[in-house]
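Visitor: I would like a close look at a single part of this protein. Please take me through it slowly, then set it in its surroundings.

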Amino acid sequence: MGRLYAMRRANGDWFALDDRGRFRVPVFSSRWGGMLARVSHPGMLLFKPAALDGRALEELVTAGGAEDADFWLVDDPFTSLKRGRSLDRAELSLLVTTG
């Protein structure tokens, strides 16, 4: 798998959905997938795909706390952002560092 991307605003905020008090962070397998999702979901218009690396992953997790964040690998950017494959922090970290 190549690089992974999450959506980020110019001010550094990361995009996350509120899922009953937990943060659900959609992750995309390509920059293009993130851009397509952005067009399909109006709440993401101010966000752009940002490549995930070790530093970005730390920023993502410390913003809300590791125990409050769920990561979702979105397969189809045109479907609901709640659809995807769940990734725990360790699995995402492994994908980011080996990707």
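Guide: Start with Glu91, which is partly exposed at a relative accessible area of 30%. Glu91 forms a salt bridge with Arg85. Their closest N and O atoms are 3.3 Å apart. That falls inside the cut-off, because a salt bridge needs a side-chain nitrogen of Lys or Arg within 4 Å of a carboxyl oxygen of Asp or Glu. Arg85 is also partly exposed, with 39% relative accessibility. Keep in mind that this is a predicted model. The general idea is simple: side chains of opposite charge can pair when their charged atoms come close.

How many salt bridges does the structure hold? The count is two. The other one joins Arg9 and Asp13, with 3.8 Å between the closest N and O atoms. Arg9 has 30% relative accessibility and counts as partly exposed. Asp13 is partly exposed too, at 39%.

Phe15 sits in the loop between β1 (5–8) and β2 (17–19), while Phe47 sits in the loop between α1 (31–40) and β4 (48–51), so the pair ties together parts 32 residues apart in sequence. Phe15 is buried, with a relative accessible area of 10%. Phe47 is buried as well, at 9%.

Next comes α1 itself. Which of its residues are buried? Gly33, Gly34 and Ala37 are. These residues span an arc of only 100° around the axis, which puts them on the same side of α1.

Finally, step back to the protein as a whole. It has three helices and six strands. From the N terminus, the order of elements is β-β-β-α-β-α-β-β-α. Of the 99 residues, 37% are buried. Among contacts with a separation of 6 or more, 67% join residues 24 or more positions apart. The accessible surface is about 5,700 Å², and carbon and sulfur atoms account for 53% of that surface.

Note on methods: Residues are numbered from 1 along each chain as its sequence is written. This is a predicted model: local features need pLDDT of at least 70, side-chain atom pairs count only at pLDDT 80 or more; totals for chains, interfaces and linings use all residues. Side-chain values use heavy atoms; hydrogens and water are left out. Helices (H or I, at least four residues) and strands (E, at least two) are DSSP runs, numbered from the N terminus. Buried means under 20% relative accessible area, exposed over 50%, partly exposed in between (1.4 Å probe, protein chains only). The arc is that of the directions from the helix axis to the C-beta atoms. Contact means heavy atoms within 4.5 Å. Accessible areas come from the Shrake-Rupley method with a 1.4 Å probe; for residues, only the protein chains shown count as cover.
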